[in-house]
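I opened this model to go through it one place at a time, and I am keeping the entries in the order in which I looked things up.

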Amino acid sequence: MFSKKELERMRIEGEKIAQSMQKDWEDQKVGLEYIAGDVEVSCVHCKHNKFEQGKALLNTRGLTFLDLDWLNNDATTLICKRCGFIHWFARSVVEKDSED
Ligand SMILES: [Zn+2]
């Protein structure tokens with residue numbers, strides 16, 4: 001059996017998880033603002049400023065064949081939430097703090 005205190009703690013934890021899931025879902029729906037190289041990212045096509053972040057491999061068969069896989073690198077993609085334009089960054093981007 002759980003004590004009343006434990007049940008209360010579990011209820012609060014559950015609410016926190018539900019809230020963060022809700023927030024994640026909203027973030028995913030509207031997108032987030034990002035900063036790359038100290039500059040706020042805005043879509044080159046439609047000037048929108050909310051994106052969905054993704055990862056892509058900058059991978060080439062040639063490098064793998066030559067055993068130079070260490071040259072292969074991660075790229076960050078930001079997909080515009082309005083028009084879908086994909087922006088590629090060879091470095092990581094920073095999420096803008098929405099509380100600012
Ligand atoms: Zn766009």
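I began with Thr76, which I found in strand S4 (helices, H or I, are DSSP runs of at least four residues and strands, E, of at least two, numbered from the N terminus). Thr76 is buried, since its relative accessible area is 1% (buried means under 20% relative accessible area, exposed over 50% and partly exposed in between, with a 1.4 Å probe and protein chains only). I then looked up its side chain, which makes a polar contact with the side chain of Lys55 at 3.5 Å (a pair of N or O atoms within 3.5 Å; within protein, one must be able to donate a hydrogen and the other to accept it, and residues adjacent in sequence count only if both atoms are side-chain atoms).

A note on what I am reading: this is a predicted model, in which local features need pLDDT of at least 70 and side-chain atom pairs count only at pLDDT 80 or more, while totals for chains, interfaces and linings use all residues. Residues are numbered from 1 along each chain as its sequence is written, and side-chain values use heavy atoms, with hydrogens and water left out.

Next I turned to the metal. Which residues coordinate the zinc ion? I read Cys43, Cys46, Cys80 and Cys83, each through SG, at 2.3 Å (donors are N, O and S atoms within 2.8 Å of the metal, or 3.2 Å for Na, K and Ca; water is not among the atoms, so sites may look incomplete). The arrangement is tetrahedral because the 4 donor atoms subtend angles of 103 to 115° around the zinc ion (for four donors, tetrahedral requires all angles to lie between 85 and 135 degrees; four count as square planar and six as octahedral if opposite donors are over 155 degrees apart and all others between 65 and 115, and anything else is irregular). I noted the spacing of the donor residues in sequence as C-x2-C-x33-C-x2-C. Cys46 sits in the loop between strand S2 (39–40) and strand S3 (51–58), whereas Cys80 belongs to strand S4 (residues 73–80), so this pair ties together parts that are 34 residues apart in sequence. I also checked their accessibility: Cys46 counts as buried at 19%, and Cys80 counts as buried at 3%.

I then looked at backbone angles. Most residues other than glycine have a negative phi.

My next stop was helix H1 (residues 4–30), which holds Gln22. Gln22 is partly exposed at 43% relative accessible area, and its side chain makes a polar contact with the side chain of Glu26 at 2.9 Å. Met10 also lies in helix H1 and counts as partly exposed at 39% relative accessibility.

Finally, I stepped back to the protein chain, for which I recorded 2 helices and 6 strands in the pattern α-β-β-β-α-β-β-β along the sequence. Of its 100 residues, 18% count as buried.
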